[in-house]
Structures are given as structure tokens and as C-alpha cells.
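The tour goes stop by stop.

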Amino acid sequence: MRVVFDTNVLVAAFVTEGLCSVLLARARRGEFDLFVCPKILEEFERILSEKIKVPRALIEEALSMILEASEMIQPTRAIQGVCRDEDDDQILACALSAEADYLVSGDKDLLEIGSFGNLKIVPPRDFEALFED
């Protein structure tokens with residue numbers, strides 16, 4: 001299974017010890033293939049640094065952990081005007097370029113789309129439900 005986590009899922013994985021942390025741990029164990037692109041990592045770094053005021057050393061550690069658990073891709077598909085927010089179009093482009101099965105997001109605008117081609121856009125709780133027996 002090929003998956004992209006939206007930036008908000010990655011931020012939540014490091015800021016709280018909740019469901020998003022569990023999902024990142026699943027990626028680290030190889031339960032699915034996680035993909036990231038430079039845009040997601042840049043936004044992740046900016047949010048931790050500017051909004052949450054996380055020390056640089058911890059940001060570097062978090063980025064390293066994400067890169068260990070994922071594969072970096074360069075988006076090859078351009079998406080424009082699908083989402084209300086231009087940044088969301090770039091997240092969608094990353095997921096489509098990765099040929100992801102799932103885009104996991106807490107972003108209401110992305111979740112409203114629901115799916116795009118073969119890509120399913122789901123909240124973290126719905127994605128975690130895929131692993132329950």
C-alpha cells in the first residue's frame with residue numbers, strides 16, 4: 001500500500017503522542033510504503049520552527065525520522081485549481097506522483113474531495129481502521 005501523509009499528520013505525529021504517532025510508527029515498521037516530497041518537508045519544518053517554536057536540533061531529528069520511514073519523491077504531476085488552497089494542490093500532486101493509494105490528512109478541504117482518480121483521501125482514524133481486524 002502506497003501512502004502520503006499530509007503535513008498536518010506529520011506535525012501531529014511529533015507534537016502529540018496520539019493516533020498520528022501510531023501511524024508514523026507503522027510506516028517505520030514497513031507496514032505500508034510512505035512517500036514524502038520536498039513541499040511537505042518544507043512545510044513541516046516551517047510549522048515546527050515558526051508556529052510551534054521547536055528547537056532546530058529537534059526539527060532535524062524529526063526530519064531524519066521521517067526520511068528513515070519514507071521515500072522522497074519529486075512530484076511529476078502538476079495539479080492546479082482542484083483545491084481551494086494552492087498548498088493543498090501541491091500535496092495532492094505529491095500523492096498522485098507517488099501513485100499513492102491513500103492521502104492521509106486532517107485538512108477539511110482535502111477531505112471534502114474524498115478521492116481523486118484512484119487516490120482515496122481519508123482522515124487518520126479511517127486509515128488506522130484499515131489495520132484493525
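Buried means under 20% relative accessible area. Keep that cut-off in mind for the stops below. One caution before starting: this is a predicted model.

**Stop 1: S97.** Select S97, in helix α5. Its relative accessible area is 16%, so S97 counts as buried. The S97 side chain reaches the backbone nitrogen of T76 at 2.8 Å. S97 then touches I73, Q74, P75, T76 and R77.

**Stop 2: T7.** Go to helix α1, residues 7-15, where T7 is found. T7 is buried, at 2% relative accessible area. Which residues does T7 contact, leaving aside neighbours within four places in sequence? They are I40, E43, F44, I47 and I91.

**Stop 3: the sheet.** Switch to cartoon view. Six strands form an open sheet with mixed pairing, in the order β3-β2-β1-β4-β6-β5. The edges are β3 (70-72) and β5 (115-116). Each has a single partner strand, so one side of each lacks a neighbour in the sheet. Zoom in on β2, residues 33-36. Strands β2 and β3 run parallel and are joined by three bridges. For a landmark, select L34: S70 in β3 stands opposite.

**Stop 4: the aromatic rings.** Colour the aromatic side chains. The whole structure holds seven aromatic pairs. Take F32 and F131. Their ring centres are 5.9 Å apart and the planes make 45 degrees, so this pair is tilted. The partners come from distant parts of the chain, 99 residues apart. F32 sits in the loop between α2 (19-28) and β2, while F131 is in the segment after α7 (124-129). F32 is buried, with 3% relative accessibility.

Now widen the selection. Ring pairs link F5, F32, Y102, F127 and F131 into a cluster. K120 lies over the face of the Y102 ring, 5.5 Å from the ring centre.

**Stop 5: the cysteines.** Start with C20. The closest cysteine sulfur to that of C20 belongs to C94, 17 Å away, which is too far for a bond. C20 is buried, at 11% relative accessibility.

Then select C37. For C37 the nearest cysteine sulfur is also that of C94, but here the distance is 3.0 Å. C37 is still in no disulfide, because a disulfide requires sulfur atoms within 2.5 Å. C37 is buried, with a relative accessible area of 0%.

**Stop 6: two loops with positive phi.** Select K53, in the loop between α3 (38-51) and α4 (56-69). Phi of K53 is near 60 degrees, a positive value in a residue other than glycine. Is K53 buried or exposed? At 61% relative accessibility, K53 is exposed.

Finish at E99, in the loop between α5 (86-97) and β4 (102-104). E99 is not a glycine either, yet its phi is positive, about 55 degrees. E99 has a relative accessible area of 60% and so counts as exposed.

Notes. Residues are numbered from 1 along each chain as its sequence is written. This is a predicted model: local features need pLDDT of at least 70, side-chain atom pairs count only at pLDDT 80 or more; totals for chains, interfaces and linings use all residues. Side-chain values use heavy atoms; hydrogens and water are left out. Helices (H or I, at least four residues) and strands (E, at least two) are DSSP runs, numbered from the N terminus. Buried means under 20% relative accessible area, exposed over 50%, partly exposed in between (1.4 Å probe, protein chains only). Two strands pair if DSSP finds at least two bridges between them. Rings of Phe, Tyr and Trp (its six-membered ring) pair if their centres lie within 6.5 Å; planes under 30 degrees apart count as stacked, over 60 as edge-to-face and the rest as tilted. A charge sits over a ring if NZ of Lys or CZ of Arg is within 6 Å of the ring centre and within 35 degrees of the ring normal. A polar contact is a pair of N or O atoms within 3.5 Å; within protein, one must be able to donate a hydrogen and the other to accept it, and residues adjacent in sequence count only if both atoms are side-chain atoms. Contact means heavy atoms within 4.5 Å.
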